[in-house]
There are 4 protein chains.
Amino acid sequence: MVAQTPPMGWNSWDCYGAAVTEDTVRRNAEYMAQILKPYGWEYIVVDIQWAQPTAVNHSYEPFSDMTMDAFGRLTPAVNRFPSAADGAGFKPLADFIHSLGLKFGIHIMRGMPRMAAHRHLPIEGSPYFCHTAADPNSICAWNPDMYGLRCELPEARAYYESIFRLYAQWGVDFIKCDDIAREYPRCRREIEVISEACRASGRDMVLSLSPGPAPLEQAEHLKRYANMWRITDDFWDDWRLLKGMFERAEKWCVHAAPGHWPDADMLPVGALRQCENPEDRTRFTPAEQRTMMTLWAMMRSPMMIGAEMTKNDDFTVSLLTNRDVLDILRESSHGHPLRTTEDESVWAAPRTDGTGLYIALFNLSGRKRTVAAEPELPDNVLPAVRELWSGHTLRASRVIRASLPAHDAAVFLLTWNR
Amino acid sequence: MVAQTPPMGWNSWDCYGAAVTEDTVRRNAEYMAQILKPYGWEYIVVDIQWAQPTAVNHSYEPFSDMTMDAFGRLTPAVNRFPSAADGAGFKPLADFIHSLGLKFGIHIMRGMPRMAAHRHLPIEGSPYFCHTAADPNSICAWNPDMYGLRCELPEARAYYESIFRLYAQWGVDFIKCDDIAREYPRCRREIEVISEACRASGRDMVLSLSPGPAPLEQAEHLKRYANMWRITDDFWDDWRLLKGMFERAEKWCVHAAPGHWPDADMLPVGALRQCENPEDRTRFTPAEQRTMMTLWAMMRSPMMIGAEMTKNDDFTVSLLTNRDVLDILRESSHGHPLRTTEDESVWAAPRTDGTGLYIALFNLSGRKRTVAAEPELPDNVLPAVRELWSGHTLRASRVIRASLPAHDAAVFLLTWNR
Amino acid sequence: MVAQTPPMGWNSWDCYGAAVTEDTVRRNAEYMAQILKPYGWEYIVVDIQWAQPTAVNHSYEPFSDMTMDAFGRLTPAVNRFPSAADGAGFKPLADFIHSLGLKFGIHIMRGMPRMAAHRHLPIEGSPYFCHTAADPNSICAWNPDMYGLRCELPEARAYYESIFRLYAQWGVDFIKCDDIAREYPRCRREIEVISEACRASGRDMVLSLSPGPAPLEQAEHLKRYANMWRITDDFWDDWRLLKGMFERAEKWCVHAAPGHWPDADMLPVGALRQCENPEDRTRFTPAEQRTMMTLWAMMRSPMMIGAEMTKNDDFTVSLLTNRDVLDILRESSHGHPLRTTEDESVWAAPRTDGTGLYIALFNLSGRKRTVAAEPELPDNVLPAVRELWSGHTLRASRVIRASLPAHDAAVFLLTWNR
Amino acid sequence: MVAQTPPMGWNSWDCYGAAVTEDTVRRNAEYMAQILKPYGWEYIVVDIQWAQPTAVNHSYEPFSDMTMDAFGRLTPAVNRFPSAADGAGFKPLADFIHSLGLKFGIHIMRGMPRMAAHRHLPIEGSPYFCHTAADPNSICAWNPDMYGLRCELPEARAYYESIFRLYAQWGVDFIKCDDIAREYPRCRREIEVISEACRASGRDMVLSLSPGPAPLEQAEHLKRYANMWRITDDFWDDWRLLKGMFERAEKWCVHAAPGHWPDADMLPVGALRQCENPEDRTRFTPAEQRTMMTLWAMMRSPMMIGAEMTKNDDFTVSLLTNRDVLDILRESSHGHPLRTTEDESVWAAPRTDGTGLYIALFNLSGRKRTVAAEPELPDNVLPAVRELWSGHTLRASRVIRASLPAHDAAVFLLTWNR
């Protein structure tokens, strides 16, 4: 039973794009184990192109020679992941991460390498061949490497089972499957086959679907076949994207529950885009980062850190280690907006145990603004109020109010005796 | 401060269409005062065409002679509402209803009678004339009587203020304004002017907008300018319509809160369509009626009874007087579906005071079916469980399960000590 | 058998809008009889709002009091058309125009005056009443006066027959029916009923449908029920509209034939918009006017002069009296574009009698440009070539070429011995 | 200057699909030279998959091994085209066809073989490589072999020039380029580059674009860059497709002229689908075949015979050797429909030399029907009339009329002295 609360971890994409290396992964895993693990952070995820020896940044190289085994299954490029030598795959790296008390994840694209089909390779553990499983017309719009599979055929299931078998052997705990979450209706069956192959592996792995926006009308299908799925296109450190998330969060929030979480995408905090510029850091202001963390918490989105974590500054650490805010992920349910306008948003989320109510106030405007809310409370109670970013206890009141700088947020826990 | 909980009452449309009379209204008001008032039912609403002397059923008569005053304000047809004689309007009827401890509502169409414009009548309390306020191109697609107003002009505001002044004098407590809720964007401004004219009257009146579906993307505008608004087209006693309501309820549920309620429309229970056939009764099965009442309660929709209530049978009375179920309207918040498929739906709603959680199980399929849910509860608690339609207390459990006949529903209250 | 060649005439809209008077009509009719009639010009058409006493310019007045007879048939406003006094209607004016050897036309809106329905007037020559023929939901998007009719009912046919009976009595030769040509599919039946009522009158009247764009896919319906129909929205003296006409002309040209003509709308030449400014004249350059006349001729569009003709200058007269160019309307068939690009267009049209080929060259660009064409000709012939605007005979050649100023056109007649 | 009249020839697709062989081509070429050449038939075109050794019918095999040279240019599969051995390509076959006095054509797909890109082959005559010219995301929706090219790069032009250089060396006269005519806007630039590479080869080759429907709004682009282009999806021997062609023919007819011809697709007459069943013959009735030939002639569509011609029966031969009907292709211009309804259609086309007018009458209904037309003729002439399928001379008349069996057509030549 995976993903009983929203998964929390780190992913290599925002800081290293297609060019992440084993050194980087180990360094960040050690950091997480030492600094963040006590707050609930646990997944270390290697993102896209780990089988491409020549990747150098966030772009994709057409017709590159991907490393793969004799069955058309991608394997880590040994020049980038030395421990994968001699056919070891990701097992040594996974073992290392497990030794730190963390969990290990990898990115995959739906389908198989195009060359596996053109070379007519056999499918491991089956009487089939890759070229009968592959669909020559099913390609990704933004990545040149793969063919999707003909999921109506047993060959396709055999191929997907062969890769999840390999990932289970490696010790993988988390799969970010790409080119699929927004590809309804044509990939609907492919999602089912991938999900079933994942479960058939016998190993608990979180199944995360990208990229978004996944279609809202497919919510029940996604809840059944995936543990998390992206609700928007790629999210980066741009205020317009963050502001836009409020609308999607409102539509998706009722679908968050143990085992299946709408995913607002990675947290672009700290040091980013390191291949392009080692000095680069998030363009979000501290206020905007509070807004992001608060919204992700109230909607109970998974949280995946995008930073090169070893370069975290004090603010970034404070953001990622506020236990009261991160508790919202685990202790609330039924969170939803009370209202969202051009200028402000108010969210409310009861504590699951009935002991209180979280209220988040967001200033979405470009100037200082007082935001207020009068949430539904039992008649005649006067709740105690604490703001969770500052830790301050406020005067008991049924009206919650905050004067907020541009793009900033506050989040309160209201409690009362019943 | 009206509509702090979802309004509950009776409306004449389902049983008498365009042909309701004063006798009928008084008879039903007396019934409500005696039988239903203790359970929270309070509004008595006269629906469409009360100014048309010749209305006989659910249809509209083009180019009929509506009764109106010298200022182009519709007045009750005296042949149908005798107490309105001598210019008394609805005041005597409102007084009677108030004397029963109930509240009085009327239906209006947006705009003014077409003949008020063609006759160039003056607008009461203003220097303006009707023909400059009316928009000759703004008509209703399904009713022939009115012109919408040119809401960018002060003439339009003057006309709307003149009618709400009259309604306040009559003692009206509830306005069902029609031909407007789904007319975005062209009626966006008209909604604002109507809402402001209503408030400017100085009398508390619930403002209810019809018909649906109101557009979801206008949720914040509706929440600001109306107390309730229809989320679907007309709802009748047809299973397909009831099943379809689950999708709209899912999308709208996060917008229900004190002062503004997404409205799933009237409850077609008991004796209906009396002009066409005095023997006619709801085509919903008892199971379907439980499903309807449960869904309306969990989403906190307003509830307006469609029956000729004096013909209520025992089952109908039991449905309308289950205090535990009706309490969900007033005591829960944050209700939303956990899942909805072709065959079943599960909704959850915390009690606002933190003492428990409502769980509703719906069998949407055409055959008997066991529906189960494992809601989010605090770790380690084993809740007490009671089913509210039967009143039965069940074994304490974290898994809620019911074997349900086709189209039936059960609703549970889970409580625990914290 | 009307409209065997494209109708040619004058219409009051471009110069007087809704405010044309009898004096104006008579003055322009006299001008046409003296100056233009020898070139084929023959229709004098009174455009919209002749029943509105208060019209002063191109705009429409909501809820105005239209003049009508006891049967809800509009009659000329006597203050504007004095000869219509004493119930004479347009008969005296029609008689006058006939006395000049010309033909008389009027504008109508589809439907009946709104007040005819609200007043429950009888329908002449029938047992019916206006309010059962009118459709209260069928209104015009841009004019406030009328209701469309419920054309599935005999009442509607009776009303339309009653008005065409009146027009036949008046001596009307041409009906411009408005608010209908682009109103497919909802007015499809109304077009049929109007057309049949027109024919049932027993008098030959050209039936012209407005406004455009009529839908191309309804070409066969239009060809069957109308003599001409607008292919674009209102055309005025604006180069972008003229340039845009080339695309519509290309699509419609194959549907031009005796009895039914795609209509490119009025010719805004000479003195226009006289109510607003008596000094106003066309904003088209002489080159653009040649382009317009040439395109209308090659596509065989009806030609309706928009000018206050008594203010025609020499250039305008030359444009309207070039017999060679106007002959294209009557002597060619099968005209169509050979090509049309952003910068130029070439049209070709054989003479119906087989004696030659018309070639039109258009410079659609904003600068001087040489346009050339090598049309399909019989093998081995070397045609004689004459340019029709200048009258110049050119060197015999199979390649036609012209150096044209911006927006200008040339048109050639090629002839050969066979 | 190619395609001065609509190209006429034979294509292997309808009879042999993807599996045509050299023997078949030679046999049909010999037949054409002996029987059909005098009537204007001249092209022999080898359709799709000539580079695939394993093709057996009308279907495509994913990930097959196409034969290609060291530069990624497809070459004929030697097992199917023996004369192509030793790198001779199609030259020996082209030489043979030329020796018969005929012209030789081949089918190509836009783009390059996928394996040419994956293998990083060099581009002949350039410093470039295939994998930089290919676009990994540009694939065909229905054929698995190729990648489209990145036409904004010089590499793409270099590749296209390399293949047209080869085709010129082979002696190719006609290129049917597939997966392109309906692919606007994304293939707009690719059409230009292919057209320019074709012209740059120095050899006259007809450029034919498939499949349809090409978009009507791209008519001028198509006229500039291609000699013929398909106006519908694949046409087969199905009455619904033939009836549907009337609508497309009406829209496209004005764009037919020397050098560029809207293409109604192959003529499925005689023996078809020979790989599937050597006994298979066209499902069109003789009447339907007359209708097809008449429409193709009147709209001046290219004509490509789909039959295994050596199995032609007498009727098929009569259809393909009616010189009077085929003359319409060469001697008429400005053909267009006079009207087309559900039940009938009438087309008219003047003879280019001015000596007469062709009139075609079509019965599109399922029962016998008399179709009549009164075409535009010079005043006062009484034309001589001859029906071209029967050869019968009829009584002189201005009204043309025929009693036609279901789905049949008649076509007349009207002549007069001027």
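Across the interface of chain B and chain A, the rule finds 2 salt bridges, a salt bridge being a side-chain nitrogen of Lys or Arg within 4 Å of a carboxyl oxygen of Asp or Glu. This is a predicted model, where local features need pLDDT of at least 70 and side-chain atom pairs count only at pLDDT 80 or more, while totals for chains, interfaces and linings use all residues; side-chain values use heavy atoms, with hydrogens and water left out. Residues are numbered from 1 along each chain as its sequence is written, and chains are lettered from A in the order in which they are written.

**Where chain B meets chain A**

- R300(B) forms a salt bridge with E376(A), with 2.6 Å between the closest N and O atoms.
- On chain B's side, β11(B) gives the largest share, 5 residues (strands are DSSP runs of E, at least two residues, and helices are runs of H or I, at least four, numbered from the N terminus).
- In all, 34 residues of chain B are in contact with 34 residues of chain A, contact meaning heavy atoms within 4.5 Å.
- About 2600 Å² is buried between the two chains, and carbon and sulfur atoms give 55% of that (buried area is the accessible area, with a 1.4 Å probe, that two parts lose on being put together, summed over both).

**Where chain C meets chain B**

- Here 18 residues of chain C are in contact with 18 residues of chain B.
- The area buried between chain C and chain B is about 1600 Å², with 62% from carbon and sulfur atoms.
- The salt bridge count between chain C and chain B is 0, but there are 8 residue pairs in polar contact, both at pLDDT 80 or more.
- Helix α4 (residues 114–118) of chain C gives the largest share of chain C's side, 4 residues.

**A sheet in chain D**

- Chain D has an open sheet of 6 strands, in the order β11-β12-β13-β18-β15-β16, with antiparallel pairing (two strands pair if DSSP finds at least two bridges between them).
- At the edges sit β11 (336–340) and β16 (393–394) of chain D, each pairing on one side only.
- Strand β15 (residues 384–387) of chain D is joined to β16(D) by 2 bridges, and R386(D) stands opposite T393(D) in β16(D).

Key. A polar contact is a pair of N or O atoms within 3.5 Å; within protein, one must be able to donate a hydrogen and the other to accept it, and residues adjacent in sequence count only if both atoms are side-chain atoms.
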